[in-house]
Structures are given as C-alpha cells and as structure tokens.
Amino acid sequence: MRVYVPLTLPGLAEAHKTGELGTGPFAAYAVTPGLREWYLSEDIEELEYAALSRAALASLRLLAADPDAVRRRVVVAVDVADGAVRVDPDRALDPAALGEVTVTATVPLAKAAAVHVDAEDAEQDVAAAAEALQAADGGDDDAQFVVDGADDHELLWYATQEIPNLVGLA
C-alpha cells in the first residue's frame with residue numbers, strides 16, 4: 001500500500017540521519033475506503049493525489065507546531081505491506097481524519113518512493129497558512145482562505161537520491 005508520511009524539513013533530516021521514517025505506530029495518509037467515499041472517484045491517480053493533499057495538510061500542522069522549521073511542507077511517499085497499515089473504522093468519515101492511517105511497523109527511509117516538498121516561493125504562503133491554521137480550525141472563514149492558499153502551491157517531486165540536498169535546507 002502506498003502511504004504518504006507528513007514531515008517537516010527537520011523531520012526529514014532526522015529520518016535521513018536515522019535511516020527510518022518511523023518505528024511505528026505513526027500517522028500517515030493513504031487511499032482508504034473513507035477517502036474513496038468522500039472523493040467520489042475511481043481514478044487511482046486522483047485518489048492518490050487526494051491522500052497526498054491530506055498528508056500535506058498534516059505537514060502544515062507539524063509546521064504550525066514547530067515555529068523554527070523552514071516553512072515548506074514535506075511528504076514522503078512510501079510503499080508498505082498492507083498488514084503494516086491500520087485504518088480506524090470509527091473515524092473513516094470524520095472530515096479531520098479522511099485518508100488517515102496508522103503505520104504499525106518500522107519503515108526504512110530506503111523504502112521511500114519519492115519526496116514531495118514545497119518550492120522556495122511557497123514559503124510565505126505556507127508560513128501564513130501555518131499561522132492561520134488554529135483560527136481556521138475554529139471556523140474562521142478568512143483564516144481558512146489563508147490555509148487554502150498553501151494548496152495553490154503544488155508540492156515538487158524529488159527522487160530519494162535528492163534527500164541529502166533537501167535536508168541541507170533544514
């Protein structure tokens with residue numbers, strides 16, 4: 001199963017140093033039954049993009065919690081065994097948990113398929129979105145507009161061989 005692990009650049013640097021994305025259990029995002037039902041598509045590429053987008057939002061939450069991190073969202077795509085992924089059926093249709101899964105096994109960074117990171121020109125919008133996140137969660141429509149502005153920036157695709165260059169940004 002392809003899962004999308006939300007990180008920050010310091011988190012990616014730590015994964016690069018340890019060689020592990022996580023030792024389980026840790027949160028990731030994937031094409032879950034709830035995400036399929038919510039997104040109403042059978043196109044796997046669209047569904048994978050939706051899961052990636054959910055992970056990007058989770059990365060934004062990590063940035064909001066770490067004011068010293070470079071303001072770029074980071075998502076690592078990795079394939080894990082189906083048995084190493086757990087979906088909470090009680091939260092399947094909870095809008096806050098769409099696509100969320102728990103990875104229960106240790107995942108070596110070497111298993112990563114790709115890394116997705118914001119470009120430098122996204123930093124200002126991502127910083128504003130991280131600042132507005134709490135207000136948006138509280139129902140502030142103006143703040144939600146700011147958070148949605150981060151989605152105007154597509155995450156760039158990087159090969160795993162480029163991770164050393166990316167962690168140099170942290």
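Trainee: Leaving aside its neighbours within four places in sequence, with which residues is P108 in contact?

Mentor: Contact means heavy atoms within 4.5 Å. By that criterion, and with neighbours up to four places away in sequence set aside, P108 is in contact with G19, E20 and L21. Before we continue, note that this is a predicted model, in which local features need pLDDT of at least 70 and side-chain atom pairs count only at pLDDT 80 or more, while totals for chains, interfaces and linings use all residues. Residues are numbered from 1 along each chain as its sequence is written, and side-chain values use heavy atoms, with hydrogens and water left out.

Trainee: Is H116 buried or exposed?

Mentor: H116 counts as buried because its relative accessibility is 11%. The residue belongs to strand β8. Beyond four places in sequence, its contacts are L52, R73, V74, V75, A77, L155, L156 and W157.

Trainee: What is V85 in contact with, leaving aside neighbours within four places in sequence?

Mentor: V85 meets M1, V3, V80, V101, T102 and T104. It lies in strand β5, residues 85-86, and its relative accessible area of 13% makes V85 buried.

Trainee: How many residues does the largest nonpolar core have?

Mentor: A nonpolar core is a set of buried Ala, Val, Leu, Ile, Met, Phe, Trp, Tyr and Cys residues joined through side-chain atoms within 4.5 Å. The largest one here has 26 residues, and V3, V5, L12, L21 and V115 have the most contacts inside it. At least two residues of this core come from each of β1 (2-7), α1 (9-18), β3 (26-29), β4 (74-79), β6 (100-103), β8 (112-117) and α6 (163-167). Apart from it lies another core, of 15 residues, including Y4, A50, A77 and L98.

Trainee: What does V115 touch, not counting residues up to four places away in sequence?

Mentor: V115 touches L12, V74, V75, V76, L156, W157, Y158, I163 and L166.

Trainee: Why does the span of helix α4 agree with expectation?

Mentor: The expected span of a helix is 1.5 Å times one less than its number of residues. Helix α4 has 15 residues (123-137) and so should span 21 Å; its end C-alpha atoms are 21 Å apart, which agrees.

Trainee: Where is the kink in α4 centred?

Mentor: The bend at a residue is the angle between axes fitted to the seven residues ending there and the seven starting there. In α4 a kink of about 40 degrees is centred on E131. Just after this helix, G139 takes a positive phi of about 100 degrees.

Trainee: Which residues of α4 are buried, and what covers them?

Mentor: An α-helix has 3.6 residues a turn, so residues three or four places apart point the same way. The buried residues in α4 are V126, A129, A130, A132, L133 and A136. Their cover includes α3 (44-65) and α5 (141-150).

Trainee: How do α4 and α5 pack?

Mentor: Two packed helices are described by the angle between their axes and the distance between the axes. Axes are lines fitted to C-alpha atoms, for helices over the stretch in contact, and angles run from 0 to 180 degrees between N-to-C directions. The axes of α4 and α5 are 7 Å apart, at an angle of about 140 degrees.

Trainee: Which residues does A143 touch, not counting those up to four places away in sequence?

Mentor: A143, in helix α5, touches A132, A135 and A136. It counts as buried because its relative accessibility is 8%.

Notes
Helix = DSSP H or I, 4+ residues; strand = E, 2+ residues; numbered from the N terminus. Buried < 20%, exposed > 50% of the residue type's maximum accessible area, 1.4 Å probe, protein only.
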